[in-house]
2 protein chains.
Amino acid sequence: MQAILFDMDGVLYEGDRLIAGAADAIAWCRAEAVPHLFLTNTTSRSRRALVEKLARLGIHAEKDEILTPPVAAINWLRQHCHRPVALFVPAQTRGEFTDVSLTTDTTKEVGAVVLGDLGEAWDFTTYNRAFRLLMENPDAKLIALGMTRYWRAEDGLRLDVGPFVKGLEYAVGIEPLVMGKPAQAFFHAALSLLGVEAEQTVMIGDDIQGDIGGSQQAGINGVLVRTGKFRQSDLSLGIEPFDIIDSIADLPLWWQQHAE
Amino acid sequence: MQAILFDMDGVLYEGDRLIAGAADAIAWCRAEAVPHLFLTNTTSRSRRALVEKLARLGIHAEKDEILTPPVAAINWLRQHCHRPVALFVPAQTRGEFTDVSLTTDTTKEVGAVVLGDLGEAWDFTTYNRAFRLLMENPDAKLIALGMTRYWRAEDGLRLDVGPFVKGLEYAVGIEPLVMGKPAQAFFHAALSLLGVEAEQTVMIGDDIQGDIGGSQQAGINGVLVRTGKFRQSDLSLGIEPFDIIDSIADLPLWWQQHAE
């Protein structure tokens, strides 16, 4: 084993509470200089905000160590897209798209249409603009910043990015490139950023499907923790983790046993 | 054979031009008192407007002989839905929903959510309201007035109802009941309205998939015409029509040969 991918919520913390041993485990990882990334599907918080949250919990992390769907998308765009990109993402996500040629000119040829959780900013004209861009640019990629169905806001449930991706997928007849767990492209972005091979990498997560099932399909070794959203019944879903540990506190010892 | 279902566009007329023999064929059908319905996926024109169009072309039809997705939906709702219905349809379609208990009260229990081509009237709040209604009423049906992907407006392509149905299908995890060809529920509504059995019914259409494939899956005998959108290559798509005639002009003779 050479590198570690960490899920955040449910592995490092639950809500605003640190999971016992998480700060020590990350400090160990840093002291041993094990290449690592933090993987989260969150697009509502910037990487800066996530770094600050970790710091408050006593975990040191650099902004560049956090892989979010926008960051994975940018990494892909830089490598594969040589035409301007049209963004349909909220303002705080837009700020992440540096070093990518953007366009709001609907008459221009685009190489990709990126869809995020626009929320209230979705109206027919906006959604139809994304549709027309894809119809007029048959080679353009549809990049989805996750496929989350909905989230719970203070006033009730709200549609997230997933349903809007599904609608365009159907209207255009296009296969989206999904950035976010459990999609393969997201884990591939993590491996590409670290420069490591899947079989030498461990993904630590509490979500049997999103973290373990997804990473293992990409050839990564998924290690399930019994914290966060873990339920005993998760083990009967037909996904066999590479290993199971009680919590991230056990990681340093586990690593010693498996690294060599 | 006891009853006939007619597709309209491409069978009776092409654009604003009558297909030769169509008026005589319908007059024959009426004179022989063969039970029949006109089936169209159009939701942009009311049945009254369709009756007027047919009259201008010399074809007599009653409003109640035209089966549109809203009419099929209403027929289904009257039979199966005993709670209020929430409509997400354009104003001209809303007028069709008489004799159905409607609600705009989002706190009320609903039995069905009906989705049509709302067009510009779709905004996040409206779409999210349909979503919440379905989440809060797990027994409610999602009824789609067709699954059309898009249509060509004067200023370019526009998303139709289909993509919005797909989005809710994904968000809620629900199977929609689709009214409109080629969906089974639409042909079942036609048979139910005429009170006939599928195997005693003929569907005349120019669309190998929407008319012939769809009706034959419902057990109806599909008769393809070589007018409208018919192309010779349609015959190599793996759908075998019950029969093929040159145009609707040949229907009376065909009927004599097959009715007994």
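**The six-stranded sheet of chain B**

In chain B, six strands form an open sheet in the order E5-E4-E1-E12-E13-E14, with parallel pairing. Its edge strands are E5 (66–67) and E14 (243–245) of chain B, each of which pairs on one side only. The model is a predicted one, in which local features need pLDDT of at least 70 and side-chain atom pairs count only at pLDDT 80 or more, while totals for chains, interfaces and linings use all residues. Residues are numbered from 1 along each chain as its sequence is written, chains are lettered from A and ligands numbered from 1 in the order in which they are written, and side-chain values use heavy atoms, leaving out hydrogens and water.

**Pairing within the sheet**

- Strands E12 (residues 201–205) and E13 (residues 221–225) of chain B run parallel and are joined by four bridges; strands are DSSP runs of E with at least two residues, helices are runs of H or I with at least four, and both are numbered from the N terminus.
- Two strands count as paired if DSSP finds at least two bridges between them.
- B:Val202 has B:Asn221 in E13(B) as its bridge partner.

**Helices H3 and H7**

- Helix H7 (residues 184–194) of chain B packs against helix H3 (residues 69–80) of chain B at an angle of about 70 degrees, their axes being 9 Å apart.
- The two helices, H3(B) and H7(B), are therefore roughly perpendicular to each other (65 to 115 degrees).
- H3(B) contributes B:Pro69, B:Ala72, B:Asn75 and B:Gln79 to this contact, and H7(B) contributes B:Phe186, B:Ala189, B:Ser192 and B:Leu193 (contact means heavy atoms within 4.5 Å).
- H7(B) also lies across E1 (3–7), E4 (36–39), E5 and E12 of chain B, and runs at about 155 degrees to E4(B).

**Helix H1**

- The buried residues of helix H1 (residues 22–31) of chain B are B:Ala22, B:Ala23, B:Ala25, B:Ile26, B:Trp28 and B:Cys29 (buried means under 20% relative accessible area, with a 1.4 Å probe and protein chains only).
- Their cover includes E1, E3 (17–18), E4 and helix H9 (251–259) of chain B.
- Just after H1(B), B:Ala33 has a positive phi of about 55 degrees.

**Strand E8 and its neighbours**

- Strand E8 (residues 141–145) of chain B is largely enclosed by the rest of the structure, because four of its five residues are buried.
- Strand E7 (residues 112–115) of chain B runs parallel to E8(B) and is joined to it by four bridges, with B:Val114 opposite B:Ile143.
- E8(B) also pairs in the parallel sense with strand E11 (residues 177–179) of chain B, over three bridges, and B:Leu145 stands opposite B:Met179.

Terms used. Buried means under 20% relative accessible area, exposed over 50%, partly exposed in between (1.4 Å probe, protein chains only). Axes are lines fitted to C-alpha atoms, for helices over the stretch in contact, and angles run from 0 to 180 degrees between N-to-C directions. Angles under 35 degrees count as roughly parallel, over 145 as roughly antiparallel, 65 to 115 as roughly perpendicular and the rest as oblique.
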